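Thanks for coming, everyone. I'll keep this short. Please bring up the structure and follow along.

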Amino acid sequence: MTKIYKMPVVVGLFGFLVCAMLLELAVGYGYVMHLVVPRPSDTIIAFPEVQADMDLIGNFFVTLGMTAAATALALLIGIPFGYFLYRNTRYGIAYEGWLAAAFAAPTVLLYPLFLVIFGRSHATLIAMGFIPGAIPIIIQTRQGLLGVSQTLQNVGRSFNVSERDMFWKILLPSAVPTIFTGIRIGVMYTLVNIVAIEYLIDFGGLGRIVSEMYFRFDTPGTYASIIAVIFVSVLFYWGFGRVEKWLRPV
Amino acid sequence: MAQTGVIQDKLALSGAPFEHSVNRIRVVTIVALIAAWEVVASLGTVGVLYDDVVPHIWYIFIAVFEELISAGFYQDLGITFAEHIVGFIVGSILAVFVGIWMGTSTLVRGALEPYLNAIGSTPKIIFLPILFLMFGTGIESKMAKGALSAFFPVVFTTALGMALINPVLIRVGRTFNLNKWQMIAKIYMPAMVNPVITGLRLGMAITVIGVLVAELKFSDGGLGYRLGIYYEQFRIAPMYAIIVLIFAIAAAANVGMTRLQDRVNRHMAPSASKGKNRQASASGGLGVVANN
């Protein structure tokens with residue numbers, strides 16, 4: 001039986017609590033300025049205040065809504081385009097390098113462009129979330145379909161299935177795990193970009209709260225809102241990780 | 001029968017006519033995009049859309065040229081470069097040490113991983129207020145932001161690379177009674193070169209973005225600052241020019257790191273590390289370990 005102090009999760013949690021207590025003492029005794037780093041207890045107390053003042057939960061749903069809208073748009077365009085690139089080999093090869101370059105490019109810097117076009121609005125957030133979300137979905141859709149076993153396709157052909165049935169009954173089910181990897185990466189990038197733009201332009205949901213709290217010089221509130229963003233990211237990361245694990249065959 | 005079709009398809013994909021048609025698609029796409037851009041720009045000029053929101057392409061070319069001959073551009077490029085390099089070096093060195101520490105102990109890895117995953121999946125820009133409080137709004141906070149951005153991809157690839165070192169090599173080291181430092185110097189380090197460089201390549205790209213975004217929020221110099229100023233002054237063509245130049249610089253840095261990685265790969269024994277392949281498959285071929 002594993003001893004409890006040798007369990008990684010317990011050690012991690014213990015280390016975290018020790019660090020929090022040391023920080024509490026360091027700030028309390030004035031070794032660390034409370035204007036720069038608040039006491040962990042003050043940060044915990046700040047949560048209800050931020051909720052009452054800035055509607056943390058409501059703004060979480062604003063960010064969630066923007067992420068969902070951008071992801072839906074990315075799926076709507078990304079999957080058919082990925083399928084088109086799979087069906088048309090020449091187009092697939094012609095565009096694959098460009099897509100990889102676009103995926104690595106700092107697309108977040110395009111936000112002034114969308115601010116000029118759409119103004120400081122939700123459309124800018126959705127457009128900025130859509131770009132990094134759609135690219136991995138396109139790439140992975142094509143990769144997933146290209147990776148479908150030739151044997152499975154031959155079985156389908158030997159049963160004389162139509163092109164439509166071939167897609168719905170053979171290609172898509174086989175490619176789903178790979179496509180879902182693209183969707184997971186796309187959603188995470190969409191969320192990251194949307195929160196980043198919310199913070200940069202002081203508009204929208206959670207990102208705006210962090211910016212607002214900093215401008216008010218409310219240090220515990222700033223830390224509390226940052227922790228809220230971390231929780232949301234972890235929730236997304238964990239949730240999509242579970243679904244991906246469920247979809248991916250062992 | 002179907003098999004014959006597949007073989008014929010594969011033969012058709014490898015010929016010169018195929019390459020020509022791929023190139024033709026690329027050229028036609030570029031021409032179509034330029035034409036579409038010019039149509040939108042002309043709609044602005046005749047008053048259908050906002051004027052100047054989408055400037056004509058030659059205005060952007062002129063603006064790129066003007067940027068390239070202005071001293072201010074190189075001054076801002078120098079500031080961004082300094083912030084990037086310092087942040088990248090500090091973040092990467094810390095990440096390699098932490099990654100090795102995590103890789104050598106399952107207890108440390110299990111204890112740290114949940115927290116690193118949590119922060120790694122969070123948009124790092126959200127930590128900017130903390131960095132501004134700690135380091136001020138000057139060049140130091142951008143360096144810190146660069147270090148924070150570089151840290152996560154490097155630590156994840158290093159830890160993963162450590163965990164995936166060929167066990168035969170480790171057993172050989174133990175057979176020769178190597179101590180911990182000899183194991184690190186003779187076994188782990190050579191086997192780690194490939195995954196570490198993969199992490200550095202990802203880290204370099206993410207650091208560029210991290211530094212520029214920090215400059216956009218609060219700064220008094222750097223390419224991000226320059227971009228923000230042009231936006232605030234509604235100087236759209238120079239704004240596009242800066243975006244084009246930033247994309248070009250980022251692409252050049254990425255190509256440089258990829259070539260370095262290819263070079264290292266050629267000199268590495270294939271059995272030295274299995275990290276890269278596993279990492280590529282884990283990320284679905286996109287070469288990403290953590291987003292930013």
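How many helices and how many strands are there in chain B? Twelve helices and zero strands. Read from the N terminus, the elements go α-α-α-α-α-α-α-α-α-α-α-α. Keep in mind that this is a predicted model.

Two overall numbers for chain B. It has 292 residues, and buried residues make up 40% of them. Now take the contacts in chain B with a separation of 6 or more: 77% of those come from residues 24 or more positions apart.

Start with helix 2, residues 16–45. This helix has 30 residues and reaches 43 Å from first C-alpha to last. Is helix 2 of chain B well covered or hardly covered? Hardly covered: among its 30 residues, the count of buried ones is one.

Now go to helix 6 of chain B, residues 128–135. Here six of the eight residues are buried, so this helix is largely enclosed by the rest of the structure. The buried ones are B:Leu128, B:Pro129, B:Ile130, B:Leu131, B:Phe132 and B:Leu133. What do they pack against? From chain B, helix 7 (139–163) and helix 9. From chain A, helix 9 and helix 10. After helix 6 of chain B comes B:Gly136, with a positive phi near 80°.

That brings us to the contact between the chains. Chain A puts in 54 residues, and chain B puts in 50 residues. Which helices of chain A each supply at least two residues to the side that touches chain B? Here they are, with their ranges:

- helix 1 (8–28) and helix 4 (89–104)
- helix 5 (111–118) and helix 6 (122–146)
- helix 7 (150–158) and helix 8 (163–201)
- helix 9 (206–215) and helix 10 (219–247)

Helix 8 of chain A gives the most to that side, with eleven residues. By residue class, the side of chain A that touches chain B divides into 37 nonpolar, 14 polar and three charged.

Stay on helix 8 of chain A and find A:Ile185, which lies in it. Buried or exposed? A:Ile185 has 24 C-beta neighbours inside 10 Å, so A:Ile185 counts as buried.

On to helix pairs. Two packed helices are described by the angle between their axes and the distance between the axes. I have one pair from each chain.

Chain A first. The axes of helix 9 and helix 10 of chain A come within 8 Å and cross at roughly 165°. That makes helix 9 of chain A roughly antiparallel to helix 10 of chain A. Their crossing is left-handed. From helix 9 of chain A, the residues in contact are A:Leu206, A:Ile209, A:Val210, A:Met213 and A:Tyr214. From helix 10 of chain A, they are A:Gly221, A:Thr222, A:Ser225, A:Ile226, A:Ala228, A:Val229 and A:Val232. The residues of this contact of helix 9 with helix 10 of chain A divide into nine nonpolar, three polar and no charged.

Now chain B. Helix 9 (residues 180–217) and helix 10 (residues 223–232) of chain B have axes that come within 7 Å and cross at roughly 45°. Helix 9 of chain B and helix 10 of chain B are therefore oblique to each other. The crossing of these two chain B helices is right-handed. Helix 9 of chain B brings B:Leu212, B:Val213, B:Glu215 and B:Leu216. Helix 10 of chain B brings B:Leu223, B:Gly224, B:Tyr225, B:Leu227 and B:Gly228. The residues of this contact of helix 9 with helix 10 of chain B divide into six nonpolar, two polar and one charged.

Last item: backbone angles. Most residues other than glycine have a negative phi. Two phenylalanines here have a positive one. A:Phe217 has a phi of about 60°. A:Phe217 is in the loop between helix 9 and helix 10 of chain A. With 11 C-beta neighbours inside 10 Å, A:Phe217 counts as exposed. In the other chain, B:Phe234 has a phi near 55°. B:Phe234 is in the loop between helix 10 and helix 11 (236–267) of chain B. B:Phe234 has 10 other C-beta atoms within 10 Å, so B:Phe234 is exposed as well.

That's the tour. Over to you.

Notes. Residues are numbered from 1 along each chain as its sequence is written. Chains are lettered from A and ligands numbered from 1 in the order in which they are written. This is a predicted model: local features need pLDDT of at least 70, side-chain atom pairs count only at pLDDT 80 or more; totals for chains, interfaces and linings use all residues. Axes are lines fitted to C-alpha atoms, for helices over the stretch in contact, and angles run from 0 to 180 degrees between N-to-C directions. Helices (H or I, at least four residues) and strands (E, at least two) are DSSP runs, numbered from the N terminus. Angles under 35 degrees count as roughly parallel, over 145 as roughly antiparallel, 65 to 115 as roughly perpendicular and the rest as oblique. A crossing is left-handed if the near helix is turned anticlockwise from the far one by less than a right angle, and right-handed if clockwise. Two residues are in contact if their C-beta atoms, placed from the backbone, lie within 7 Å. Ala, Val, Leu, Ile, Met, Phe, Trp, Tyr, Cys and Pro count as nonpolar, Asp, Glu, Lys and Arg as charged, and the others, Gly among them, as polar. The expected span of a helix is 1.5 Å times one less than its number of residues. A residue is buried if 20 or more other C-beta atoms lie within 10 Å of its own, exposed if 12 or fewer, and partly exposed in between; C-beta atoms are placed from the backbone.
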